[in-house]
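Take a look first, then we'll go label by label.

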Amino acid sequence: MSKRKPLVVVTRRLPDAVETRMRELFDVRLNADDAPLAADDLAAALREADVLVPTVTDEIDSGLIAQAGPNLRLIANFGNGVDHIDVAAALERGITVTNTPGVLTEDTADMTMALILAVARRVTEGARIIPDDEWTTGWSPTWMLGRRITGKRLGIVGMGRIGQALAKRARAFGLQVHYHNRRRVPAAIESALDATYWESLDQMLARVDIVSVNCPHTPATYHLLSARRLKLLKPEAIVVNTARGEVIDENALARLIEGGEVSAAGLDVFEQEPAVSPRLVKLARQGKVVLLPHMGSATYESRTDMGEKVIINIKTFMDGHRPPDRILPSML
């Protein structure tokens, strides 16, 4: 008698190639509508599934995990960040949690660099001029002036895979790389990136021209860029975030941009996604902020690679082995 295939519940649409492979390997329940699951539907999935494949749009807290059925043994997250999953509560219930690290590094670094350029050179603001039929006077020496990035100091908050990939790109654009990290990176990496380490985040923020947030959201990094820290920035400074919205105090950032105490920002993530602060939207309409709808890893290649990692984690776990991308509370 053949072994029963595990019931795998996937909460959002995944690339066709990934869903097709999942159908071949597992008893899979897909989300054809691609709408975020309501809390009741998510709880039902936890009760029924052997494996749950959630995304960043699914808030899986201790209350939901307490409702998990006896068959749920693995939460194979489709994504790198796991701040939307109570990993400690899952571990207490004997549920393993995995993620998909590494495969979105280059794409997210590309998008971070794109945001830096878009904000500094007013790209999105300029892109609206011609379609809106506002280019009536033609070229002018003093019109649509932005900021040169070559020679400026970039402060990277979080020097993990994405931070290091951004540093490589930044050096190619002539930026001076500075960074703050929970732990100093090895000297060889520092040398290769020509990066200056700051043990004090406050001191780094006061000296850089561009700040890029590339650290995960954990209890320790919630509002890491607080109102007090944001006030340390130069008035001409730019803030970019492609990590998690919760790392920045959004209201404080908006207030400082409104008051001219911070120049501008480029944000791909937000504290209350998919809701975005009306103050930020207003600033975007004024050309002071560039807002993107969480597009950092949005490439065909990245999303397919993420799906393949999910499949490997599920298959390895179901074969009785430790999945390669297991997450433990001590790692967060």
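Q: Why is methionine 144 called partly exposed?
A: Its relative accessible area is 22%, and partly exposed covers what lies between buried (under 20%) and exposed (over 50%), with a 1.4 Å probe and protein chains only. So methionine 144 counts as partly exposed. You'll find methionine 144 in the loop between H6 and S6.

Q: What kind of model is this, and how are residues numbered?
A: It's a predicted model: local features need pLDDT of at least 70, side-chain atom pairs count only at pLDDT 80 or more, and totals for chains, interfaces and linings use all residues. Residues are numbered from 1 along each chain as its sequence is written, and side-chain values use heavy atoms, with hydrogens and water left out.

Q: What makes the phi of methionine 144 worth a mention?
A: Most residues other than glycine have a negative phi. Methionine 144 has a positive one, near 55°. Aspartate 133 also isn't a glycine, and its phi is positive at about 60°. Aspartate 133 is found in the loop between H6 and strand S6 (153–157).

Q: Is aspartate 133 buried or exposed?
A: With a relative accessible area of 63%, aspartate 133 is exposed.

Q: What is the peptide bond from glutamate 273 to proline 274 called?
A: That bond is cis, with omega near 0°. Proline 274 sits in the loop between strand S11 (264–267) and helix H12 (278–285). Helices here are DSSP runs of H or I with at least four residues, strands are runs of E with at least two, and both are numbered from the N terminus.

Q: How do you know that glutamate 48 and arginine 29 form a salt bridge?
A: The term needs a side-chain nitrogen of Lys or Arg within 4 Å of a carboxyl oxygen of Asp or Glu. For glutamate 48 and arginine 29 the closest N and O atoms are 2.6 Å apart, so the pair passes. Glutamate 48 lies in helix H2 (residues 39–48) and arginine 29 in strand S2 (residues 27–29), so the bridge ties together parts 19 residues apart in sequence. Glutamate 48 is partly exposed at 38%, and arginine 29 is partly exposed at 37%.

Q: What about lysine 309 and aspartate 325: how far apart are the closest N and O atoms?
A: They're 3.4 Å apart, and the pair forms a salt bridge. Lysine 309 lies in helix H13 (residues 300–318) and aspartate 325 in the loop between H13 and strand S13 (326–327), so parts 16 residues apart in sequence are tied together. Lysine 309 is partly exposed at 22%, whereas aspartate 325 counts as buried at 9%.

Q: How many salt bridges does the rule give?
A: The count comes to 18.

Q: Why is the pair of tyrosine 179 and tyrosine 197 called tilted?
A: Rings of Phe, Tyr and Trp (its six-membered ring) pair if their centres lie within 6.5 Å; planes under 30 degrees apart count as stacked, over 60 as edge-to-face and the rest as tilted. A search of the whole structure turns up 1 aromatic pair. The centres of tyrosine 179 and tyrosine 197 are 5.1 Å apart and the planes meet at 50°, so the pair is tilted. Tyrosine 179 lies in strand S7 (residues 176–180) and tyrosine 197 in strand S8 (residues 195–197), so the pair links parts 18 residues apart in sequence. Tyrosine 179 is buried, at 0%.

Q: What makes a space a cavity, and how many are there of 30 Å³ or more?
A: On a 1 Å grid over the protein atoms alone, a cavity is a set of points where a 1.4 Å probe fits but cannot get out. Points are joined across faces, edges and corners, and a volume is the space filled by probe spheres set on them. By this rule there is 1 cavity of 30 Å³ or more. The largest cavity has a volume of about 70 Å³.

Q: Which residues lie nearest the centre of the largest cavity?
A: Ala118, Arg122, Thr124, Gly287 and Val290 do, out of 13 lining residues (lining means having an atom within 4 Å of a point). H6 gives the largest share of that lining, 4 residues.

Key: On a 1 Å grid over the protein atoms alone, a cavity is a set of points where a 1.4 Å probe fits but cannot get out, and a pocket is an open set with protein on both sides within 12 Å along at least five of seven lines; lining residues have an atom within 4 Å of a point.
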